[in-house]
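Biologist: Let's go through the cavities and helix packing in this one. I'll keep asking what lies behind each label.

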Amino acid sequence: MNNSVRGTARLAGAGLRALLVLTVICGVIYPLVVTGIAQAAFHDKANGSEIKAGGRSVGSERLGQSYTLDEKDKAGNPLPDPKFFQGRPSAAGPNTENTQYKLVVSGASNLAADSKVLLDSVQQRRADVAAFNGVSPSAVPTDALTASGSGLDPDISPAYARLQAERVAKANHLPADRVRKLVDEHTDGRILGFMGEERVNVLKLNVALRELARG
């Protein structure tokens, strides 16, 4: 075997050994270490930030979801359930005007601020939210009208939650003051006291609402 062949064989052997070592380190050891640390230090977050009610998982506090009836409107969209607090509109999914959450995708409508389609949809949402909650259209807050950038926002503003309190209380035969207090109890402040805005996690609030309604 000449030097050229031996050199090639030596390089091939070295490359194969490097491949095997790096495969074990990066493909086995590293994922196991990272997974172990995540499970030990951030168990809840590493497992999807699940929220459970009645012994079963009802969703993730990081992902918004819809709360609807079996009935549908003229456009074929499920009608919102009056017994639950409703989240923000969602543009996630193939039909960007469908307000139902599509958890297999994430995204916004990408409509420009001066888009007639966007402006018309906002006005329609304003009218729908006002009628659904029995309030003046001028009282409807912005987050009830516009979809989030991800389309999966799990939170709403305290103003939107309080706007829905009267309707939710009536639908569940509960005192309105108690439902408003429930909203206050589930209002989270700004991160570190200064970042972001106050917010209400809709799923957590609805889980607490069901517990309250059941007595």
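Modeller: Start with α6, which contributes the most to the lining of the second largest pocket: six residues. Keep in mind that this is a predicted model, where local features need pLDDT of at least 70 and side-chain atom pairs pLDDT 80 or more, while totals for chains, interfaces and linings use all residues. Numbering runs from 1 along each chain as its sequence is written, and side-chain values use heavy atoms, without hydrogens or water.

Biologist: What makes something a pocket rather than a cavity?

Modeller: Both are sets of points on a 1 Å grid over the protein atoms alone: in a cavity a 1.4 Å probe fits but can't get out, while a pocket is open, with protein on both sides within 12 Å along at least five of seven lines. A lining residue has an atom within 4 Å of a point. The second largest pocket has 15 of those, with A53, R56, V58, V207 and R210 nearest its centre. Its volume is about 310 Å³, that is, the space filled by probe spheres set on points joined across faces, edges and corners.

Biologist: Which elements each supply at least two residues of that lining?

Modeller: β2 (56-60) and α6 (202-214). Those names come from DSSP runs numbered from the N terminus, with at least four residues (H or I) for a helix and at least two (E) for a strand.

Biologist: And how does the lining divide by class?

Modeller: Six nonpolar, four polar and five charged. Asp, Glu, Lys and Arg count as charged; Ala, Val, Leu, Ile, Met, Phe, Trp, Tyr, Cys and Pro as nonpolar; the others, Gly among them, as polar.

Biologist: How many cavities of 30 Å³ or more are there?

Modeller: One. The largest cavity holds about 60 Å³, and among its 13 lining residues G64, Q65, P154, V202 and L203 are nearest its centre.

Biologist: On to the helices. Why are α4 and α5 called roughly antiparallel?

Modeller: The axes of α4 (residues 158-171) and α5 (residues 176-185) cross at roughly 150 degrees and come within 9 Å. Axes are lines fitted to C-alpha atoms, for helices over the stretch in contact, with angles from 0 to 180 degrees between N-to-C directions. Angles under 35 degrees are roughly parallel, over 145 roughly antiparallel, 65 to 115 roughly perpendicular, and the rest oblique. That's why α4 and α5 count as roughly antiparallel.

Biologist: What makes α3 and α4 oblique, then?

Modeller: The axes of α3 (residues 116-133) and α4 cross at roughly 40 degrees, coming within 8 Å, so the pair is oblique. V129, F132 and N133 in α3 meet Y160, L163, Q164 and R167 in α4, where contact means heavy atoms within 4.5 Å. By class, that's four nonpolar, two polar and one charged.

Biologist: Which residues join α5 to α6?

Modeller: R178, L182 and V183 in α5 meet L205, A208, L209 and L212 in α6. That contact has six nonpolar residues, no polar and one charged. The α5 and α6 axes are 10 Å apart, at about 145 degrees.
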